Amino acid sequence: MVTLIGYLKRPAGVSREEFQKWWVEKHVPFVKKLPGLRRYVVHVVAKGFNPLAGPSGTFNDEPEFDGIAELWFDDEAAVRQAWASPDGVRDLEHYAKHIGATGVVLCNPKVMISGPQEPFPAHVQRLDKNT
């Protein structure tokens, strides 16, 4: 398995709330259609955090990014096939029109501590039910 990790920043003049609403309500449906996509997680950023600012770090209200996306695929070939597909082309066109800045990296995930299994804690919002 490989993951694409995308860092998203809203365009100038768009509030964080407006951007995150667009992302979750308008853009996620495009991504969910990508062929070969095995898992998709969006992280809606609430605050920035600087772990180097003192012994307990500091939070700030203007994070470097407004969202982080994880897209899981079987391998690099599956990633290339997804973006070359008609759904991938539509996704990228939609994405490019609404993003202020972005960075995407291909990663080889290594689980160091297994997190919660289903049922997820109450604070984790599940949007994949009935999809």
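These legends walk you through several close-up views of a predicted model.

Residues are numbered from 1 along each chain as its sequence is written, and side-chain values use heavy atoms, with hydrogens and water left out. Because the model is predicted, local features need pLDDT of at least 70 and side-chain atom pairs count only at pLDDT 80 or more, while totals for chains, interfaces and linings use all residues.

**View 1. The largest nonpolar core and its residues.** Welcome to the core, which has 19 residues. A nonpolar core here is a set of buried Ala, Val, Leu, Ile, Met, Phe, Trp, Tyr and Cys residues joined through side-chain atoms within 4.5 Å; buried means under 20% relative accessible area, exposed over 50%, and partly exposed in between (1.4 Å probe, protein chains only). Leu8, Leu34, Leu37, Tyr40, Leu71 and Phe73 have the most contacts inside this core. At least two core residues come from each of β1 (2-9), α1 (16-32), β5 (67-73) and α2 (76-84), and α1 gives the most, with 5 residues. The helices (H or I, at least four residues) and strands (E, at least two) are DSSP runs, numbered from the N terminus. In soluble globular proteins, nonpolar side chains tend to be buried together.

**View 2. The surroundings of tyrosine 40.** Setting aside neighbours within four places in sequence, tyrosine 40 is in contact (heavy atoms within 4.5 Å) with Trp23, Val28, Val31, Lys32, Ala69, Glu70 and Leu71.

View 3. At the N-terminal end, aspartate 75 caps α2, with a side-chain oxygen 3.3 Å from the backbone nitrogen of alanine 77.

**View 4. Where α2 meets α3.** The axes of these helices come within 4 Å and cross at roughly 75°. That makes α2 roughly perpendicular to α3, a label for angles of 65 to 115 degrees. Axes are lines fitted to C-alpha atoms, for helices over the stretch in contact, and angles run from 0 to 180 degrees between N-to-C directions. Ala82, Trp83 and Ala84 of α2 meet Pro86, Gly88, Val89, Asp91 and Leu92 of α3.

**View 5. Lysine 9 in strand β1.** With 19% relative accessibility, lysine 9 counts as buried. Its side chain makes a polar contact of 3.2 Å with the side chain of glutamate 62, and also reaches the backbone oxygen of proline 63 at 3.2 Å. A polar contact is a pair of N or O atoms within 3.5 Å; within protein, one must be able to donate a hydrogen and the other to accept it, and residues adjacent in sequence count only if both atoms are side-chain atoms. Aspartate 66, among the residues touching lysine 9, sits in the loop between β4 (58-60) and β5 and is buried at 0% relative accessibility.

**View 6. Lysine 47 in the loop between β2 (39-44) and β3 (48-50).** Lysine 47 is partly exposed, with a relative accessible area of 47%. A polar contact of 3.5 Å links the side chains of lysine 47 and aspartate 61. Lysine 47 and asparagine 60 are 13 residues apart in sequence, yet their C-alpha atoms are 5.8 Å apart in space.

How values were computed: Parallel < 35°, antiparallel > 145°, perpendicular 65-115°, else oblique.
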